[in-house]
Amino acid sequence: MGNFAANEGLSIFVILVWLGINAFLFVHFYMAFLVERWFYTRVLLGQALSWARAPAACLNFNCMLILLPVCRNLLSFLRGTIQCCSRTAARQLDRNITFHKLVAYMIAFHTAVHIVAHLFNFEYFMDAQLNRAGRPLAFILSEIGDGDNASFLNPIRSNETNPTVVMFTTVAGLTGVAITLALILIITSSMEVIRRSYFEVFWYTHHLFVVFFVGLVFHGFGRIVRGQTAGSLKADPPEACADQFNIWSSAASNCTTPVFAGNPPMTWKWVVGPMALYVCERLVRFYRAHQKVVITKVVMHPSKTLELQMKRKGFRMEVGQYVFIQCPSVSRLEWHPFTLTSAPEEDYFSAHIRIVGDWTQALHEACEGDKTQPQEAWKLPKLAIDGPFGTASEDVFRYEVVMLVGAGIGVTPFASILKSVWYKRIQNNQDVFTKKIYFYWLCPETEAFEWFADLLQSLEGQMAEKGVTDFLSYNIYLTRWKDTEAAHFRVHHEAENDPITGLKQKTLYGKPNWDHEFSNIAATHPGTRVGVFLCGPPQLATSLEKQSLSHSEDDVKFIFNKENF
């Protein structure tokens, strides 16, 4: 329970606060439209008025939040600032995309409620114009303000008008349609299957957020929902005058015709701050994109993995960080995230890019990755780099014992870590806080090992020379091979080194027994905090997080971290 609080306590607290604010805003604004000022509006619309305005307030709040988790430079600054104070708080910033998705779901929910309520509202507005006998007060209220620039309550000014016409001829209607269409496209294109298979669709439709926010800011300028003005409310309170609607403004009544006005637009006050921050974010990205990047080396590894080694003036990185790469000759609009596989101690930075889609294939062709001879720098394509940005892996050297788990190409963050270990511990004999690293690499097929094997072989040899073989334990798994399938292969390859990786440590087959692995580490390192770092699929993350919680006791705690970029 204590480890669960350490891992998830702050996250749960943040989510509960966020949900609590949403609930408070909904209830507060629901009740706010039940007061006397909106009495005549409720005569026309009933409870649908509150059901439209309450989610609108929640939309303002969540639209204020939606941009903040994607301000990468702001998050990197905050992460570095609070890192020295609270490691737990810093880890929450690594879940920015998760929170971004939650806020998006909340926006979608409140948008749906808001739209449904307004559909009822427009039907009620139309019915008030048509149903004179059944709703006489509503009809009289709808007739108010027939003259030019006169105060009115019902935006449908004639019984010959229909709600569809109002929807496409008013500021509120047009912006509402634009906002809704943009939101539908953004959310549907963000589905996992589309984002992974058709990244360009996800990338381009996500930029409809500009349409969404412009429409959002101007949506309230139409002032469709109107209430009685303060002066009219004081002079002609509804409780005294509502029953005299047939003789308003006549000699027989002390009540005059009520005067109505809409609320001033409020949305811009909620979103102007985050929008300004996001504009600053884009300006920083624009500046970085125009800094010169030189490709110093192109290496085509097996299993269709392209390695780019690059240099940029003033570039500084930490282990496990990532950058966004743009290749103007391929696309001037697309930026794709890639983990840095170089170490901070090296005089260049590198990324390993798996060729799996149209953009990566085009980049591979532009870099002429299939050529074996060295490429001349001036012939290589120009690149723009945004970053580096921090991730959970930056904290790896803050734990005395570390578990690194990579799945397939998800090993890339740990390449940087292992290289840095080589420089710090082996080459420079630096003393680091981390005393033991357990490295697990899970791959479906043998080809995936080939590009990373050289680094592991170098580490293995150097550790043997320096006599520090106990510092790094590594286990490599072929997950689609079973022991029975691999038996024949092993019989014919009884060499000292593993026939697949060339390492002394033999390749294992099938999937790891995580319960056994966690139990052994807990027994070997009592009284320590073990950092568990994963770059891999959600299913594996769920499994490791459960193991971290179930194996944490008073004398050992497993702290789970996952890459989320």
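Colleague: Contact means heavy atoms within 4.5 Å. Leaving aside its neighbours within four places in sequence, which residues is E200 in contact with?

Modeller: This is a predicted model. With neighbours up to four places away left out, E200 is in contact with E334, D358 and W359.

Colleague: In which helix does E200 lie?

Modeller: E200 is part of helix α11. In space, the C-alpha atoms of E200 and W335 are 9.9 Å apart, although the two residues are separated by 135 residues in sequence.

Colleague: Let us step back for a moment. How many helices and strands does the protein chain have?

Modeller: There are 21 helices and 14 strands in the protein chain.

Colleague: And what percentage of the residues of the protein chain count as buried?

Modeller: The chain has 565 residues, of which 48% count as buried. As for contacts with a separation of 6 or more, 75% of them are between residues 24 or more positions apart.

Colleague: Now to helix α12. Which are its buried residues?

Modeller: Helix α12 spans residues 209-219, and its buried residues are F209, F212, F213, G215, L216 and V217.

Colleague: What covers the buried residues of α12?

Modeller: The cover includes α3 (48-65), α6 (96-130), α9 (171-188), α11 (199-206) and α15 (267-289). Helix α11 is also the one that holds E200.

Colleague: At what angle do α12 and α15 pack?

Modeller: The angle is about 150°, and the axes of α12 and α15 are 10 Å apart. Angles over 145 degrees count as roughly antiparallel. The crossing of α12 past α15 is left-handed.

Colleague: Which residues meet there, α12 with α15?

Modeller: On the α12 side they are F209, F213, L216 and V217, and on the α15 side T267, W268, V271, M275 and Y278. By class, this contact of α12 with α15 has 8 nonpolar residues, 1 polar residue and no charged residues.

Colleague: What about α20 and α21, at what angle do they pack?

Modeller: Helix α20 (residues 514-524) and helix α21 (residues 538-550) pack at about 40°, with their axes 10 Å apart. The two helices are therefore oblique to each other. The crossing of α20 past α21 is right-handed.

Colleague: Which residues in α20 meet which in α21?

Modeller: W514, D515 and F518 of α20 meet L540, S543, L544, Q547 and S548 of α21. That contact of α20 with α21 divides into 4 nonpolar, 3 polar and 1 charged residues.

Colleague: Changing topic to the cysteines: which residues does a disulfide join?

Modeller: A disulfide is a covalent bond between the sulfur atoms of two cysteines. Here, the count comes to 1 disulfide. This disulfide joins C241 to C255, with an S to S distance of 2.0 Å.

Colleague: Is the disulfide of C241 and C255 left-handed or right-handed, and why?

Modeller: The torsion about the S-S bond of C241 and C255 is about -75°, so the disulfide is left-handed. The pair links distant parts of the chain, 14 residues apart: C241 is in helix α14 (residues 238-241), and C255 is in the loop between α14 and β2 (260-262).

Colleague: Are C241 and C255 buried or exposed?

Modeller: Buried means under 20% relative accessible area. C241 has a relative accessible area of 2%, so C241 is buried. C255, with 6%, is therefore buried too.

Colleague: And how far away is the nearest cysteine sulfur to C71?

Modeller: C71 is in no disulfide, and the nearest cysteine sulfur, that of C280, is 9.0 Å away. C71 has 0% relative accessibility, so C71 counts as buried. C327 is likewise in no disulfide; the nearest cysteine sulfur to C327 belongs to C367, 6.4 Å away. C327 is buried, with a relative accessible area of 0%.

Colleague: Which residues does a cis peptide bond join?

Modeller: G387 and P388 are joined by a cis peptide bond, with omega at about 10°. P388 lies in strand β8, which covers residues 384-389.

Colleague: One more item: where does I417 lie?

Modeller: I417 is in helix α17, residues 412-427. The relative accessible area of I417 is 0%, so I417 is buried.

Colleague: What does I417 touch, not counting residues up to four places away in sequence?

Modeller: I417 touches V319, S393, V396, F397 and L404. Of these, V319 is 98 residues away from I417 along the chain, and the C-alpha atoms of the two are separated by 5.4 Å.

Conventions: Residues numbered from 1 in each chain as written. Predicted model: local features only at pLDDT ≥ 70, side-chain atom pairs only at ≥ 80, totals over all residues. Heavy atoms only, no water. Axes fitted to C-alpha atoms, helices over the stretch in contact; angles between N-to-C directions. Helix = DSSP H or I, 4+ residues; strand = E, 2+ residues; numbered from the N terminus. Parallel < 35°, antiparallel > 145°, perpendicular 65-115°, else oblique. Left-handed = near helix turned anticlockwise from the far one by under 90°. Nonpolar A, V, L, I, M, F, W, Y, C, P; charged D, E, K, R; others polar. Disulfide = S-S within 2.5 Å. Buried < 20%, exposed > 50% of the residue type's maximum accessible area, 1.4 Å probe, protein only.
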